[in-house]
Amino acid sequence: MVLKKQVSGLDNLAFDNRFVQQLPADCETDNYRRQVTKACYSNVLPTKVAAPKVVAYSREMAEQLGFTIADCESEQFAKVFVGNEILAGMKPYAMCYGGHQFGQWAGQLGDGRAINLGEVVNTENQRWALQLKGAGPTPYSRSADGLAVLRSSVREFLCSEAMFHLGVPTTRALSLILTGENVVRDMFYDGNPKAEQGAVVCRVAPSFIRFGNFQLFASRGEVEVLRQFLDYTITTDFPHLVENQASLGKEIYLAWFEEVCRTTAEMIVHWQRVGFVHGVMNTDNMSIMGLTIDYGPYGWLDDYDPDWTPNTTDAGERRYRYGQQPQMALWNLVQLANAIYPLIDEVEPLQQALSIYNQSFDEGWNSMMANKLGLRAFNPETDNDLCQELFALLAEVETDMTLFYRKLALIDIEGRVGDYTDEQLLAPLQESWYRLDALTESYKTRVTLWLRKYILRLQQEETKQADKIQRMNAANPKYVLRNYLSQMAIDKAEQGDYSMVKDLLEVMRHPYDEQADKQHYAVKRPEWARNKAGCSKLSCSS
Ligand code: AMP
Ligand code: MG
């Protein structure tokens, strides 16, 4: 009897590699570090590794690509998504882009440790670009090695999927695979290099194009490449803008830029909603599709502190702190406007398009805050003050942001405001404060005053308790990927125990659900994690 080899989902991937087919390539094919001009990418193969071992994979992402569980647990899966085996139809390449880093133009950056495998179209006609992060050097690796370590790969893998389930626009992660090789890193750049385990994450997104792609061509005066690149981006990733339009040109470019402003604003509103701090909002880390991209030294607010950033490289200026993310996104959009200016040749319409960012952000922020507070609709006349007073209270004593909003939903609003005692009002919120001894009488009085005002506001619009809870629990996650939880999962993974990585992946699949058996993942940061590396402080070393 002849046994037929079962066709795996991996063999069924339908590649449609438009990026390499339609855009100019670097003519040099050897893999050495260099400046690459008049080209959008370089062909480059992943470096083979010794002993790939799958640590985890995302079943939702696998399903999108048509993979079964058996596919994901096959030997071939590990080989393909670590970069040891190139499937028929894959055309690996690294993109050429530049960027502003911390406000300074940095010139050519590019995919220094990301190698794109190609783009697939799934059965629902969705395009997914597959990209390996940490699969070896490319012409854009500059002085670095093109590799990634387990700790940063766990963080990227888990956060991509956690953000997706939280409803935040993001690039995705299919798999997390150990390479079986060591990588040396000096985590805090303080002369303490250490061998760490190497890993590769397969990232997935409709597109990995960044603001910096456009900027690099503009900075070099390569206007024709810039035009070609923009035309490609619009026709491939924004096809709705070209429907029924005879040809691409200024008008469509502007409509496109407006859309980038809008989707960027929407993404930032989500970050502010869930307390996510990106950490490195350089223009090379800004997705053209308004997706959260490049999970490096990011973090989640434990206690609500608008000045917080986890990134030690940014500790001085704190340019990318939580409270400044909205302004930084706009700054980045201004750089993108400058980059496409040669194709528009007029300042006014670009400025007008930029104003869409503020408008979309304000609208999005208002409705986001209404949901967080359980209001039917945001009324600027009353609710701007209500929010500002709340933020001041949250920042004044250490208050866990995630727990606070979740517990706020429990405040009863169906009684008469005058009948509630202060104790009754404060009781549901107790768990959200880090130090009960910091709660002075005057502070507690101000909180209860605010709560009474809040209850009256809800009563004024005749909101029902049950509706309010539902609205709030859909906007305020119970579970976020707390910094210390990731670090605990990493500490275990480095010892060969991947159970917590898998557990976190699982709990983060339903971040708004109560999940009674997962309560231990919904508690505030423990004291030991307050100043621990990896928990509250992270560097770019990854
Ligand atoms: P980031 O701010 O981490 O997104 O990285 C900025 C630039 O440095 C990008 O061009 C990356 O590709 C590159 N880069 C970061 N880490 C490495 C590495 N280990 N090897 C090569 N290039 C890297
Ligand atoms: Mg980057």
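Modeller: Ligand 1 sits in the largest pocket. A pocket is an open set of points on a 1 Å grid over the protein atoms alone, with protein on both sides within 12 Å along at least five of seven lines. To sit there, more than half of a molecule's atoms must lie within 2 Å of the grid points. This is a predicted model: local features need pLDDT of at least 70, side-chain atom pairs need 80 or more, and totals for chains, interfaces and linings use all residues. Residues are numbered from 1 along each chain, chains are lettered from A and ligands numbered from 1 as written, and side-chain values use heavy atoms without hydrogens or water.

Biologist: How many residues surround ligand 1?

Modeller: A residue counts if one of its heavy atoms lies within 4 Å. Gly112 and Arg142 are among the closest. The total is 16 residues.

Biologist: Which residue has a side-chain N or O atom 3.2 Å from a nitrogen atom of ligand 1?

Modeller: A polar contact pairs N or O atoms within 3.5 Å. The backbone of Gly110 comes 2.6 Å from a ligand 1 oxygen. The side chain asked for belongs to Asp145.

Biologist: Which residues coordinate the magnesium ion?

Modeller: Donors are N, O and S atoms within 2.8 Å of the metal (3.2 Å for Na, K and Ca). Here the distances are 1.9 to 2.2 Å. The residues are Asn285 and Asp294.

Methods:
Polar contact = N/O pair within 3.5 Å; in protein donor to acceptor, adjacent residues only side chain to side chain. 1 Å grid on protein atoms, 1.4 Å probe; cavity = no way out; pocket = protein on both sides within 12 Å on 5 of 7 lines; lining within 4 Å.
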